[in-house]
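Biologist: I am new to this structure, so please show me how to read it one feature at a time.

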Amino acid sequence: MVEINSPGFRFYPTEEELISFYLHKKLEGKSPELDRVIPVVTIYDFDPWHLPEFPGELCMGDTEQWFFFVPRQEREARGGRPCRTTTSGYWKATGSPSYVYSANSKVIGVKKSMVFYKGKAPIGKKTKWKMNEYRAIEEEETNSTSSTFSIPKLRHEISLCRVYVISGSFRAFDRRPVAPVTIREPAKTIIYQDETTAISVKNVSKMEAISSPDENNLAMEEQDYLNLHDHTDAD
C-alpha cells in the first residue's frame with residue numbers, strides 16, 4: 001500500500017471529480033469518511049495562511065493547495081450575502097462566475113474565483129493566496145410527463161473550496177495539460193565534422209505537450225539549452 005507521504009504522491013482531482021463525486025456525495029450525506037479527505041472548515045474564520053493547519057489526510061504536507069467543505073453561513077440562509085472578511089483581510093471575487101462542465105459537456109456546477117487582500121476593503125494589498133469556490137447544480141429528475149423547461153438550481157447548503165498559492169512549478173493545478181502528452185523517440189545521432197577541427201555529436205530527445213499552456217515556453221527553454229551547448233562546443 002502506498003503511504004500518503006510517499007514522494008510523488010498527490011491528491012489531484014479534476015474540477016469534474018470535485019463536483020460530481022466529492023461535493024455531490026457530501027450534499028447527499030453519503031460517505032462520511034469523505035471528511036477525512038476534504039474536511040469541513042468555516043474558512044472565513046481564518047486567514048488563508050492558517051488553513052494549511054487543517055488539511056485533509058491526502059493534502060498533509062502539500063505546499064500548494066488544500067480542499068475544504070464550507071457550510072453555508074447563517075446570513076446566507078436568511079437570504080443575505082456571505083461575509084468573506086477575515087481577521088487580517090478579505091476575499092475578493094475576480095471576474096464573473098463560470099460553469100463547470102462534465103466530460104459529456106453537461107453543466108454540473110459553478111465556479112467563482114477569488115483573491116485574498118490583506119487590509120481593509122477597498123484598499124487592501126493583493127496577496128499570493130487564491131481560491132476557487134465550487135457549488136453544485138441540483139441534478140434534474142427525469143419526468144417524461146412534463147415538457148416544461150427547468151432552470152438549473154444551485155445547491156447552497158455546502159460549497160467546496162480549493163485554496164492555493166501561486167506557484168512556479170509546472171505541476172501546479174492551473175498548468176495541468178488539457179490533452180495527453182506525446183513523447184517522441186530520441187532522434188538519431190547526427191555527426192557533424194568540419195574540415196579543420198573535431199567532431200560534434202548531438203542526440204536530442206524532444207517532448208511535445210499537445211495544447212499545453214506552457215508548450216511555447218518549454219520549446220524556447222529547450223532551444224536555449226541547445227544553443228548554449230552549441231557555443232560551448234564551438235569554444
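**Reading the model, feature by feature**

Modeller: Strands are DSSP runs of E with at least two residues, helices are runs of H or I with at least four, and both are numbered from the N terminus. The model is predicted, so local features need pLDDT of at least 70 and side-chain atom pairs pLDDT 80 or more, while totals for chains, interfaces and linings use all residues. Residues are numbered from 1 along each chain as its sequence is written, and side-chain values use heavy atoms, without hydrogens or water.

Biologist: Is Ser159 buried or exposed?

Modeller: Ser159 counts as buried, because its relative accessibility is 3%. The scale calls a residue buried under 20% relative accessible area, exposed over 50% and partly exposed in between, with a 1.4 Å probe and protein chains only.

Biologist: Which residues is Ser159 in contact with?

Modeller: Contact means heavy atoms within 4.5 Å. Setting aside neighbours within four places in sequence, Ser159 is in contact with Leu23, Phe68, Phe69, Val70, Glu133, Tyr134 and Arg135.

Biologist: Now the wider view. How many helices and strands does the protein chain have?

Modeller: The protein chain has four helices and 10 strands. From the N terminus on, its elements run α-α-β-α-β-β-β-β-β-β-β-β-β-α. Of its 235 residues, 31% count as buried. Among contacts between residues at least 6 apart in sequence, 62% join residues at least 24 apart.

Biologist: What should I look for in the interior?

Modeller: In soluble globular proteins, nonpolar side chains tend to be buried together. A nonpolar core is a set of buried Ala, Val, Leu, Ile, Met, Phe, Trp, Tyr and Cys residues joined through side-chain atoms within 4.5 Å. Here the largest core has 33 residues, and those with the most contacts inside it are Tyr22, Ile38, Ile43, Phe68, Trp91, Met131 and Leu160. The elements that give two or more residues to this core are helix H1 (15-27), helix H2 (34-37), E1, strand E4 (107-118), E5 and E6.

Biologist: Which residues does Trp91 contact?

Modeller: Leaving out neighbours within four places in sequence, the contacts of Trp91 include Tyr44, Pro48, Arg84, Met114, Phe116, Trp129, Met131 and Val163. Gly89 is found in strand E2, residues 89-93. Gly89 is buried, because its relative accessible area is 3%. Apart from residues up to four places away, Gly89 touches Asp47, Phe116, Tyr117, Lys118 and Gly119.

Biologist: Which residues of H1 are buried?

Modeller: The buried residues of H1 are Leu18, Ile19, Tyr22, Leu23, His24, Lys26 and Leu27. They pack against H2, E1, strand E3 (98-101), E4, E5 and E6.

Biologist: Which backbone angles deserve a look?

Modeller: Most residues other than glycine have a negative phi, and most peptide bonds are trans. Ser31, in the loop between H1 and H2, has a positive phi near 50°. Ser105 lies in the loop between E3 and E4, and its phi is near 65°. Ser31 is partly exposed, because its relative accessible area is 23%, whereas Ser105 counts as exposed at 58% relative accessibility. Just after H1, Gly29 takes a positive phi of about 75°.

Biologist: Where is there a cis peptide bond?

Modeller: A cis peptide bond joins Ala121 and Pro122, with omega about 5°. Pro122 is found in the loop between E4 and E5.
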